[in-house]
Amino acid sequence: MAERLRDRVSAVWPPTAALLGLFALLEIAVALGWTPITIPAPSAVAMEFGQSGADLAYHIVPSITATVAGLAIAATLAATLAGIGASWRRANGPVMTFGVLVDSTPLIAVAPILIVFVGGGMTLHIIVSATACFFPLLIGMSRGFRAVEATADELFHVLAASRWQRLVKLALPSALPYIFSGFKIAAPLAVLGTLIAEWMGAERGVGIMMIYAMFSFNAPQVWMTIVAVCLMAIGGYGAFALLERAYLRWAGLEEAPT
Amino acid sequence: MTGIDIRGVTKRFDLDGRSLTALDSIDLSVPEGSFAALIGPSGCGKSTLLRLIADVFAPSEGAIAVGGRPPKAARLNHEIGFVFQAATLLPWRTVRENVALPIEIAGVTPRRSPEALIRLVGLQGFEDAKPAQLSGGMQQRVAIARALVLEPKVLLMDEPFGALDEITRQRMNVELLRIWRESGTTAILVTHTISEAVFMADRVHVLSANPGRVAGVVDVDLPRPRSIDLMKSPRFNALENSVRQVLFDDDTEAESTPERAHG
Amino acid sequence: MTSPVDTTVDTPDWRALPTRGQRAEARLAAFWRFISRVALGVGILVALWGGAIALFDVPIFVAPGPLDTWQAFVEQGDRLFGALGFTLTGVAIGLALAVAIALSLGVIFTLSAPASRAFMPLVIGLRTVPVLAVAPLLIMIFGRGQGTTVATVVIVGFFPIMVNAMRGFRSVSPTVHELFHVAGATWWQLLIKARIPFALPFFFTGLRVATTSALLSAMLAEWLSGAPGIGRLIYDALGYRDMPLMFAAVALSMATAFTIFGLATALERRLAR
Ligand SMILES: Nc1ncnc2c1ncn2[C@@H]1O[C@H](COP(=O)(O)OP(=O)(O)OP(=O)(O)O)[C@@H](O)[C@H]1O
Ligand SMILES: [Mg+2]
């Protein structure tokens, strides 16, 4: 127990020290006037959080909403398509090709077409966010739906299990590790999708706050919004990582390869 | 009425458009309540034959009867217990939950509780353990308990102890015989080991490969209950030798007739 | 003559292995299957697009049909390809810089265990973060030219290349390590003869990931900064409602993205062996 703790500490302190060192260097460099105006001291960014915190909160709410909605829509679509691909083998190739096409489409290119049809509001943000995170979810779910071991499948056949029993007692528990790792990759991408969509136009959102800060050359505020976006992404990743850890520990399974 | 009757069964697989005959006109019967062993070289179709009996595949030709009815009826009636070569436990379920899986699926109340079965295979105290916490031999015992929990009329075992060391394996064999006698099911055991086949079975069916055929049958007239000491007796050795004879005679014969090779 | 016992052993037959020619043939067949599937997909998409425009009678200043778009493509080809060329130049320079920086840092980190312990967790942590978010900052630093595009591509490409290369340098198995140690190899020999060959497949994976996200990053940077690339062209066209030009630019950038994706994936498969 104590040893585990010591291992942890010895793994954590070098990066923490490196980070704090970098912060300190930056702070000194700024104090000595070595840096351009675009690189503020970490303390200035922290103070900005205090000053514009209310503003940030006002802007971050719709961003989170769009991200969560985008993730949910993408997950539903991915589950449907992966389900079709898994239960109908001939559909799998086209489903995957579709996924690759969506994944390699530059969002910035399709967004204007979407703007023409749905305008620049929340709908656009949700659609772009969903598009951005669709592919890893599709991959995770199709791998998951195939994750049932052949002999376990035979066991359920010999036991004369119904389709529903197979799904609930075998397919879902085997698929979950892959689905979780899909969500872990997808969550930061959904955040990025929302951000890009908000850059293109929004009344409220961290993206538009960042753009305003950029135009008014308010470097600490730009940095603050960047940090906020990163925290959103890390939060999403972390939430699914925690869920995954809890499930894997409960289920006695290994983490799915990515 | 749950003997197993296999009449003229042939099984062909399609492999990339080519047809592979895994089993060729197999005739074999296992009387009710008896213990049969299947032995033969790797790839001769032992597992395939068990899967045919369990209605995992249908035969290409011929017919199988389990208790006078087609295997599908027996399967849907939850009359078949199957032990795979790998334990195939669900890792997210405890020992008790794994053993109870067939009960949940069949939706019946069994005469014997999962706990009783766990005691029967000697794992009392491990009811709430997860499979990952058990040794290979213990996992295989859980698999046997799971196969027995619905008191199946037919117990099919595909090299259940293949992955175990010699000592554990012999201990498990003795236990398995005890469990089989208590349950009174018709049992078929697939094995690679001659001594195991002779020790366990009333009758040893020897298969030959390419394509799988019945090469011969050896009746084992050793008294029951059997103990490890029996393996030292001259009678046991004589029986082992007759099985060996059938196994290897057939091989030399197969070599002299190359047209029987894979097609 | 084989002894009877031999027949119980399954000897794998090396003649069953596919020959080079067969493998190349299979690859070619898979390639054509993929191409035809993509062609079919694009065909269906274009048909749906044309059908929808005709069916709902959409006016050209809202959205043009395939034919109007093609006309814009032919008429303003110079402008489109000029913009694309500008963008692709930025992508190429950015990727080259990203590779150079990531690999040098990778070698330094492999050399120095303390540096690796201190900085690798930060690099890996930053990989879960959408680094593209820093684009507005880069514009403030690098201004409204090619510089922002290049910087964005570098920053987006750096992380996947670096992390994968590190993983590759580490993938040398302990037994190979011991083999080199016993043979008295120098550190340099270990790097050239073991670490780099082992790392290559990982490196190509990283390069593929970086390449496929590079075009999107470059277009985004241009669009924000106003540099005269294809990303800007799309939004300029949207701005003065030249819808056929906008659709042509969108189609061109999507085709480029798919080609880059296909080439990078194929190259990874070829070279990772
Ligand atoms: N589902 C399947 N599809 C195609 N071929 C199969 C299938 N199952 C088995 N075979 C083939 O049938 C033959 C017999 O296989 P089987 O698994 O029954 O052998 P076995 O006697 O159990 O061998 P072992 O002792 O190694 O387990 C083999 O040649 C195998 O390749
Ligand atoms: Mg087998």
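This is a predicted model: local features need pLDDT of at least 70, side-chain atom pairs count only at pLDDT 80 or more; totals for chains, interfaces and linings use all residues.
1. A polar contact, as the term is used in this note, is a pair of N or O atoms within 3.5 Å.

2. Ligand 1 has a polar contact with a side chain of chain B: a polar side-chain atom of B:Thr48 lies 2.5 Å from one of the ligand's oxygen atoms. Backbone atoms of chain B take part as well. A polar backbone atom of B:Gly43 is 2.8 Å from an oxygen atom of ligand 1, and for B:Gly45 a backbone N or O atom lies 2.9 Å from a ligand oxygen. Ligand 1 would expose 630 Å² if taken alone, and the protein buries 68% of that.

3. Which elements give two or more residues to the shell around ligand 1? They are β1 (4-15), β2 (18-30) and α1 (46-53), which belong to chain B. With three residues, α1(B) gives the most. The shell has 14 residues, and those that come nearest to ligand 1 are B:Ser42, B:Gly43, B:Lys46, B:Ser47 and B:Thr48. By class, six residues of this shell are nonpolar, six are polar and two are charged.

4. The second largest pocket has a volume of about 1700 Å³. Elements of chains A and C each give two or more residues to its lining: from chain A these are α3 (53-87), α4 (89-104), α5 (107-118) and α6 (122-145), and from chain C they are α1 (20-55), α2 (66-75) and α10 (243-271). The largest share, twelve residues, comes from α1(C).

5. Over all chains, the count of aromatic pairs comes to 14. One of them is formed by B:Phe13 and B:Phe57, with 5.4 Å from centre to centre and 85° between the planes. This pair is edge-to-face, because the angle is over 60 degrees. B:Phe13 lies in strand β1 of chain B, whereas B:Phe57 lies in the loop between α1 and β4 (61-66) of that chain, so the pair ties together parts that are 44 residues apart in sequence.

How values were computed. Residues are numbered from 1 along each chain as its sequence is written. Chains are lettered from A and ligands numbered from 1 in the order in which they are written. Side-chain values use heavy atoms; hydrogens and water are left out. On a 1 Å grid over the protein atoms alone, a cavity is a set of points where a 1.4 Å probe fits but cannot get out, and a pocket is an open set with protein on both sides within 12 Å along at least five of seven lines; lining residues have an atom within 4 Å of a point. Grid points are joined across faces, edges and corners, and a volume is the space filled by probe spheres set on the points. Helices (H or I, at least four residues) and strands (E, at least two) are DSSP runs, numbered from the N terminus. A residue is near a molecule or strand if one of its heavy atoms lies within 4 Å of it. A polar contact is a pair of N or O atoms within 3.5 Å; within protein, one must be able to donate a hydrogen and the other to accept it, and residues adjacent in sequence count only if both atoms are side-chain atoms. Accessible areas come from the Shrake-Rupley method with a 1.4 Å probe; for residues, only the protein chains shown count as cover. Ala, Val, Leu, Ile, Met, Phe, Trp, Tyr, Cys and Pro count as nonpolar, Asp, Glu, Lys and Arg as charged, and the others, Gly among them, as polar. Rings of Phe, Tyr and Trp (its six-membered ring) pair if their centres lie within 6.5 Å; planes under 30 degrees apart count as stacked, over 60 as edge-to-face and the rest as tilted.
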